[in-house]
Structure formats: C-alpha cells, structure tokens
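This report describes selected features of the structure shown below. Please keep the display at hand while reading.

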Amino acid sequence: MTVLACGDLCKSYGSAKALDGVTLSVEPGHIVGLLGPNGSGKTTLIKLANGLLTPTAGTIDVCGMAPGKESHALVSYLPERTSVPLWMTAGELLDFYCDFYPDFRRGAAEEMLSHLGIQPKQRIRQMSKGTREKVQLIVTMSRKAKLYLLDEPIGGVDPATRDYILTTIISNYEPDAAVIISTHLIADVERVLDDVIFLDRGRVVLQSSVDDIRAQQGKSVDELFREVFKC
C-alpha cells in the first residue's frame, strides 16, 4: 500500500498559496528527500500529512486514509524545533512516549541513549543543542510507525552529529515504512536517500529516484538541485 498519496493538493493562507496542485506518492521501503528553497511548501506538506493542517483543496492520504485520529497512530513526526519538555529527564521522556504510543520500542531507545552516554536521570535542559536533537530523533525513530516525517533533522548540528543522526534514521525504520526528510543540507543526506521530491513555490517540479538522476542527468542530487534552483 502507498504510504503517502497527494492528489491536486492545495493549501492557502489567505491569498497566499503554500501548496498549489501537488500530486505525488511515496512507497514503503523508501527514504525520500523533500527538497526546495525556503517558502517552497515543504513544512506545510509535512504538517498536512501529520494532520496539523487541513487542505484547502485536493486530497492527501496516509496509508489509504485521510490524516486524522487513525492515521496519527501510523505517523511519527519530528518538528523542526525541539518540542520535547526541557524539564523532563531522558528516562521520563521514554516513560512519556511509552504512555502515548503503543508502538514505542523502549529497548531500542534505551540502547541508542546508552550509546551516546546519556543517563536516564539526565535532564534535557542540561544537554547541548546537538544532544537534544539526537534525543528527539531517537524517540521519533523508536516508534514502529508506517511514515516518519522529519523536518530539518540535521539543521544546526555539527558534522559528526549529522552522521549519527543519518545512521540512526537508516537503521531504525521498518521495511514496510517510509521516511520523508525535509532539509536544505542535501549533500549531507544524499547518501541515504532513495528518492527525491523537488518543491518550488508550492508545486512539484521533480519526483525521481536518486539512481535515475545520477544515470540520466549525470549529476548528484546536490548538483541538480543547484542547477534547478540557481538564482
């Protein structure tokens, strides 16, 4: 079953169109880069898929259903900004996720936190920005979801942290699930991507596999992006 499908999807804020006739599909087993300049509609599309926004027109389906209460159980969402409560300890955050998400794999989360040397009693507010982002990604990827929506998961962290985050992503999603990564740091994430979607001013200008881009265009995804969106 297709994990995410959009048909002529539109979203407007007053007279401004954030998405304008978006039609696309994302299949299970794929890591997809959602790429585009600022204001292209990436975050709007992710929020629509997570049920945080309502379409103005068109359709959007997650595993064959419109975003809502039932689809929320299938989607694991990482927002661009840190959203975990800073007063919690790492252990309390795992308790919180266990209470809210029946599909939360606590053992996997504990193993990754231990690998980072994060103690269960360490408070999130005491962690560095990069460590907080790692922790938030760990709990996001420790759910056994069908669709992972990651909005700028490697923004503002050092290269070593980026490598850890990307390794965590590719090692912790199920074969029948899909991962969508919205990012500006294309060169950093390209190695983990199966497919890419280019958005520009709310429209899809390209949906392709990474292998086809390299074979047919003779370019990397980063090179093609720079060419398509050059100022």
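## A charge over a ring

Lys 134 lies over the face of Tyr 164, at 5.6 Å from the ring centre. For a charge to sit over a ring, NZ of Lys or CZ of Arg must be within 6 Å of the ring centre and within 35 degrees of the ring normal.

The model is predicted: local features need pLDDT of at least 70, side-chain atom pairs count only at pLDDT 80 or more, and totals for chains, interfaces and linings use all residues. Residues are numbered from 1 along each chain as its sequence is written, and side-chain values use heavy atoms, with hydrogens and water left out.

## Helix α6 and its surroundings

Tyr 164 is among the buried residues of α6, together with Thr 161, Arg 162, Ile 165, Leu 166, Thr 168 and Ile 169. Buried means under 20% relative accessible area, exposed over 50%, and partly exposed in between, with a 1.4 Å probe and protein chains only. The buried residues of α6 pack against β3 (31-35), α4 (106-115), α5 (129-141), β6 (147-151), β7 (178-182) and α7 (186-189); contact here means heavy atoms within 4.5 Å. Helices (H or I, at least four residues) and strands (E, at least two) are DSSP runs, numbered from the N terminus.

Helix α6 covers the 13 residues 159-171, which at 1.5 Å a residue should span 18 Å; the end C-alpha atoms are 18 Å apart, in agreement. The expected span is 1.5 Å times one less than the number of residues.

## Strand β8 and its partners

In strand β8 (residues 195-200), 5 of the 6 residues are buried. Strands β3 and β8 run parallel and are joined by 4 bridges, where pairing requires that DSSP finds at least two bridges between two strands. Phe 198 of β8 is the bridge partner of Leu 35.

Phe 198 also stands opposite Leu 206 in β9. Strand β9 (residues 203-209) pairs with β8 in the antiparallel sense over 6 bridges. The hairpin of β8 and β9 has 2 residues between the strands, and Arg 201 takes a positive phi near 50° there.

## Aromatic pairs

How many aromatic pairs does a search of the whole structure find? There are 7. Rings of Phe, Tyr and Trp (its six-membered ring) pair if their centres lie within 6.5 Å; planes under 30 degrees apart count as stacked, over 60 as edge-to-face and the rest as tilted. The rings of Phe 96 and Phe 100 have centres 4.6 Å apart and planes at 40°, so this pair is tilted. Because Phe 96 and Phe 100 are 4 residues apart in helix α3 (residues 90-100), about one helical turn separates them. Phe 96 is partly exposed at 31% relative accessible area, whereas Phe 100 is exposed at 55%.

The pair of Phe 225 and Phe 229 is tilted as well, with centres 4.6 Å apart and planes at 45°. Both Phe 225 and Phe 229 are buried. Ring pairs also link Phe 96, Tyr 97, Phe 100, Tyr 101 and Phe 104 into a cluster.

## The antiparallel sheet

An open sheet of 3 strands has the order β2-β1-β4, with antiparallel pairing. Its edge strands, β2 (16-26) and β4 (57-62), each pair on one side only. Strand β1 (residues 4-13) pairs with β2 over 8 bridges, and Leu 4 stands opposite Val 26 in β2.

Helix α1 (residues 42-49) packs on the sheet and touches β1, β2 and β4; its direction makes about 115° with that of β1. Axes are lines fitted to C-alpha atoms, for helices over the stretch in contact, and angles run from 0 to 180 degrees between N-to-C directions.
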